[in-house]
Amino acid sequence: MGTARERILDAAEELIISGQVPPALDAVAAAAGVSKGGLLYHFDKQSLLRALVTRAVQRFDERLTAAASHGMMAAAWLRLSVPEPGERIVYRAMMSMMRLTATGEFDLPGEVGDAEQRWQQMLTAELGDPVRARLVRLVGDGLFMAALTGPPPTSDEVDQLLHHLGLRTAAEQAES
């Protein structure tokens, strides 16, 4: 079942996905099956939000690092920028969390900036050009916004972008 801390984070994620951004601590405690005191032993509101963001960054980082080890980080960046149908709600919840930073209710943890620098370095190492790496990041950001605001780009459209940017798709990687 996991530790109380993990149950709390899982419950908070589910509440965020259901549209409760930020989730009320009472609701998180109830959903996690812990007392509010038990929740507060692990987290206050800010530390809970920071832990959720850090957890999401770690998951994303694991996927990108694995792709980078196969020379496919740029393609993975673009693919991960377009959520699968079941992930769209998660990506929208992430955007809701980002809005909290704009209002001053929440400051992103330092791990976010560290991860962004690491991802930029991995892209630059793979592509051999920091400007091209930045271009891939910005295209990914555009795909992300397009997926959240309208019909998401299709896999074929992402393949076309990869081809146009001179990047290999997973299918091309498998063929070589």
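## Getting oriented

Helices here are DSSP runs of H or I with at least four residues, and strands are runs of E with at least two, all numbered from the N terminus. A133, for one, lies in helix α8, residues 130-149.

The model is a predicted one, where local features need pLDDT of at least 70 and side-chain atom pairs count only at pLDDT 80 or more, while totals for chains, interfaces and linings use all residues. Residues are numbered from 1 along each chain as its sequence is written, and side-chain values use heavy atoms, with hydrogens and water left out.

## How α4 and α7 sit together

Two packed helices are described by the angle between their axes and the distance between the axes. For helix α4 (residues 45-68) and helix α7 (residues 110-127), the axes come within 10 Å and cross at roughly 10°. That makes α4 roughly parallel to α7. As for the terms, axes are lines fitted to C-alpha atoms, for helices over the stretch in contact, with angles running from 0 to 180 degrees between N-to-C directions. Angles under 35 degrees count as roughly parallel, over 145 as roughly antiparallel, 65 to 115 as roughly perpendicular and the rest as oblique.

Who does the touching? From α4 come V53, T54, V57, F60, D61, L64, T65 and A68, and from α7 come E111, V112, A115, R118, W119, M122 and E126 (contact means heavy atoms within 4.5 Å). Sorted by class, this contact has nine nonpolar, two polar and four charged residues. Ala, Val, Leu, Ile, Met, Phe, Trp, Tyr, Cys and Pro count as nonpolar, Asp, Glu, Lys and Arg as charged, and the others, Gly among them, as polar.

## Two residues of α4

T54 lies in helix α4 and is buried, with a relative accessible area of 15%. Buried means under 20% relative accessible area, exposed over 50%, and partly exposed in between (1.4 Å probe, protein chains only). Setting aside neighbours within four places in sequence, T54 is in contact with P109 and E111.

A56, also in helix α4, is partly exposed at a relative accessible area of 30%. The C-alpha atoms of A56 and M94 are separated by 8.9 Å, though these residues are 38 apart along the chain.

## The two sides of α7

At 1.5 Å a residue, the 18 residues of α7 should span 26 Å, and its end C-alpha atoms are 26 Å apart, which agrees. The expected span is 1.5 Å times one less than the number of residues in the helix.

Buried in α7 are V112, A115, W119, Q120, M122, L123 and L127. Seen down the axis, they fall within an arc of 165°, so they line one face of the helix; the arc is that of the directions from the helix axis to the C-beta atoms. These buried residues pack against α4, α5 (73-80) and α8. On the other side of α7, Q117, Q121 and A125 are exposed. Just after α7, G128 takes a positive phi of about 75°.

## On to α8

Helix α8 has 20 residues and reaches 29 Å from its first C-alpha to its last, close to the 28 Å expected. Its buried residues are A133, V136, R137, G140, L143, F144, A147 and L148. They cover an arc of only 130° around the axis, which puts them on the same side of α8. On the other side, V131 and T149 are exposed.

Back to A133: this residue is buried, with a relative accessible area of 0%. Leaving out neighbours within four places in sequence, A133 is in contact with Q120, L123, T124 and L127. A133 and W119 are 14 residues apart in sequence and 9.3 Å apart in space, C-alpha to C-alpha.
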